[in-house]
Amino acid sequence: MLSTGKERPKHDVSDRMFAFLLLLPSLLVILFVIVYPLALALYTSFFRFFLTDGRGMSFLGVTNYTRMLGSPEFWKAFVNTLVYVGGTVLAEFVLGFALALLVNARFPAKNAINSLFFVPWIIPSVVVAFIARFLFFDPFHGIVNVVLQALGIIREFVGWLKDPRLAMPTVIAATTWKMMPFMFVILYAGLQAIPVEEIEAATIDGANAFQRFRHVTLPNLREIITLATILEFVWQFQYLTIIFTTTRGGPIDKTLTLPLLIYRVSFMGSLNMGFSSALGVFWLVFLLGFSVLYVRLVGRREA
Amino acid sequence: MKPRRRALKTLRFALILALLVLYLAPLYWMISTSFKHQPEIFRMPPTLVPAAFTLDNYAAILTGTLASAIPFLVYFRNSLVVALGTVFATLVLAAPASYAFSRVPFRGKRRLIYFVLVSQMLPVVLILIPLYRTLQRVRLLSTYPGLILPYLMLTLPFSIWMLKGYFDTIPRELDEAAKVDGCTKLQAMLRVILPNVKPGLTATAIVTFIMAWDEFIIALTIMDKNAMRTLPVGMMQSFVGEFSIKWGEMMAASVVTAIPVVLIFVFLSRYLIGGLIAGAVKG
């Protein structure tokens, strides 16, 4: 062969054309299912538009937004979302990190045990919600009550999902149970990637376990922790299946979150699309900062 | 020093096992309950192992009908079609796109990658409102493609990103070798590089399947005909809001719903976990 290794067969397409053809189908789909509806939602948020009354759209300016900011329901849902998402991500992180540190050692059947810790993550959300209802509530107010009473922690049976003070912590617990393995595997992978030499060097320097954690483990994991936390925070904002199938936002709106409120306004009751779009746009803008931060960090890792 | 160390090791192992048992106890309780008769489910104190083992709950959900006269198996089939369809569409779209991002030089690539990354972080319910109306206009409500299409908004950006990570790990020398052998760009991609990212394709397929199998709110909105409902929505409407819930059947339905993803996990967990890590934090 006389080829120099740099030549292409003459009829081959250019790089630009090739990339264009490879990307076109995906970009068209993203345009159709994400960009176009998003633009439409943005547009709708400035209009009066009820799906029910057949009067079509009329321009409102920022009225939907001012109404939103004056709506106690919106503020309630926003605060609830922050509590739900913040509580879940924090619990996931603390438990997932503790577990990752605990299993970061040699012990029998390690791979099998680590895999078993991951199982709740794959269990469908509706199943998790069903189990939660069964454990916390029925029959006879649930096995959780029976166990806690036997242990002497509670004296009388508690309606976990029906008590306005307990409903939110209970759905946070159920969501954390399902989502924790994600944090666990990511932090565990992070721990595994820490160079052994760094730990050995610290040990030789006389660092105790806590000092090693503080000065070797944490700095090495900082970026992964930031990335995983942002990603979970943004994703959990969407997540409504467990609340939808256990409390439906109740009791007395104590577990009403933003996605649930938007769903309620758009698809049940008044079908006020302008108002629900405004709610969604607020959420989008609120999370944009987190998304940008995530993309920047990932971009830096890639470079 | 040494015996103390061994004691610590044993203690650690015992703690790990205890936590595992505690963590998976809810799943055990679901399975155990699914094999009990209703009176035993209500018995006090509760029985840890079914005293009178029964398959009635399974028989009831697999042969009988749930609420609204729709058999559980119809929901199951709908879920399976939608999940497999989503996997197929996602792979066909994401593989070429991520290949381009990983290996073909072009202008504006970085910006486009960021665009894809951000597009997986947008509010789904917000997008769902206009999407619902668009799908209504093109008469895709309550059809399989009408649900698979919106699912791509969840799966496609993540999959493109995840697969790109896998393509990035394939050495560039392989491209050069293909070039020397006279492969066109398309041949190099299909015959040389793509077979090397099979683990990545497997991981993407699994994550996509699990996402589609789990999804609830889009399915609730798009599938407004009961016969087209997927498992999560069908189950929710069959078991929630009734006055006397049949807990045994509800737990049996839960077990059956979890089986496909658990099976996938048993055989392919290695790919799944590797893929998740690649998609979330690696480049």
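How many residues of chain B are in contact with residues of chain A?

1. In this predicted model, local features need pLDDT of at least 70 and side-chain atom pairs count only at pLDDT 80 or more, whereas totals for chains, interfaces and linings use all residues. Residues are numbered from 1 along each chain as its sequence is written, and chains are lettered from A and ligands numbered from 1 in the order in which they are written.

2. The contact joins 80 residues of chain B to 79 residues of chain A, two residues being in contact if their C-beta atoms, placed from the backbone, lie within 7 Å. Helix α13 (residues 247-280) of chain B gives the largest share of the side of chain B that touches chain A, namely 14 residues; helices here are DSSP runs (H or I, at least four residues), numbered from the N terminus. By class, that side of chain B has 65 nonpolar, ten polar and five charged residues, where Ala, Val, Leu, Ile, Met, Phe, Trp, Tyr, Cys and Pro count as nonpolar, Asp, Glu, Lys and Arg as charged, and the others, Gly among them, as polar.

3. Between the chains, the axes of helix α1 (residues 15-44) of chain A and helix α4 (residues 72-103) of chain B come within 8 Å and cross at roughly 130°, with axes fitted to C-alpha atoms over the stretch in contact and angles running from 0 to 180 degrees between N-to-C directions. This makes α1(A) oblique to α4(B), a word for angles that are not under 35 degrees (roughly parallel), over 145 (roughly antiparallel) or 65 to 115 (roughly perpendicular). Among the residues that meet are L22(A) and V29(A) in α1(A) and L93(B) and Y99(B) in α4(B), and the residues of this contact divide into eleven nonpolar, one polar and no charged.

4. Within chain B, helix α5 (residues 109-119) and helix α7 (residues 144-168) pack at about 130° with their axes 8 Å apart, and they are therefore oblique to each other. V116(B), L117(B) and S119(B) of α5(B) make this contact with P157(B), I160(B) and W161(B) of α7(B).

5. Leaving aside neighbours within four places in sequence, T90(B) is in contact with residues including L152(B), S159(B) and T208(B). The C-alpha atoms of T90(B) and F209(B) are separated by 9.9 Å, although these residues are 119 residues apart along the chain.

Technical notes
Helices (H or I, at least four residues) and strands (E, at least two) are DSSP runs, numbered from the N terminus.
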